[in-house]
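User: I'm new to this one. Can you walk me through a few parts of it?
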Amino acid sequence: ESIVRSGYRQFLFPPPIEGDAAGYDWSFLKPMVTMTLASATVLVLLPEDFGGFEGQLMASVSGQCSYPINLMGVGQVYTKQTAFPSTTGAPAMVCLEPLKGTGAKGQRFQLRFWPIADQAYTIQFQYYVAADALTDAFPNHMGGMMHAETVLESCLAIAEQRIDDAASVHTA
């Protein structure tokens, strides 16, 4: 189990190759998501696999041009909400708020906006996935069937390093 977990993590976040500054950056780990900030609300629960933002958050109202929303610190948004608690309008600022005690699948997050939404807004952003570990209950890996052998080779590379104390054919 330890080898599979490490092999899968190595597949998701590969080590740098000679001459590279970083490992490979998988595009399938950076989906776009479209969510709704409902009228008269300030909170949006993020996907369970949310691992962080990749770029700018954008907001729009049905059919209109989208605009960027400033990502701020939690304290800045709470300060604004305290100073102007009943202000409504288009989302002007947002913070990423961690949620406590959200279960065994990992920590969850939500977005807190200011001001209070005066109508429903479409929020769109790209994020990087915090992938679940492979288990008997969840055997499907990220990257789809075209990476089945890639994941297998990564696991075999970890196995040869841990069991044989060598980096040979699978690591290569």
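User: Leaving aside neighbours within four places in sequence, which residues is Val74 in contact with?
Analyst: Val74 is in contact with Cys95, Leu96 and Glu97, where contact means heavy atoms within 4.5 Å. This is a predicted model, with local features needing pLDDT of at least 70, side-chain atom pairs counting only at pLDDT 80 or more, and totals for chains, interfaces and linings using all residues. Residues are numbered from 1 along each chain as its sequence is written, and side-chain values use heavy atoms, leaving out hydrogens and water.

User: Where is Val74 found?
Analyst: In helix H2, residues 74-83. Helices (H or I, at least four residues) and strands (E, at least two) are DSSP runs, numbered from the N terminus.

User: New topic. How many aromatic pairs are there?
Analyst: The count comes to 11. Rings of Phe, Tyr and Trp (its six-membered ring) pair if their centres lie within 6.5 Å; planes under 30 degrees apart are stacked, over 60 edge-to-face, and the rest tilted. Phe84 and Trp114 have ring centres 6.1 Å apart and planes at 50°, so that pair is tilted. The two residues are 30 apart, with Phe84 in the loop between H2 and strand E6 (88-89) and Trp114 in strand E8 (residues 109-114).

User: Which of those is buried?
Analyst: Trp114, at 12% relative accessibility; Phe84 is partly exposed at 42%.

Terms used: Buried < 20%, exposed > 50% of the residue type's maximum accessible area, 1.4 Å probe, protein only.
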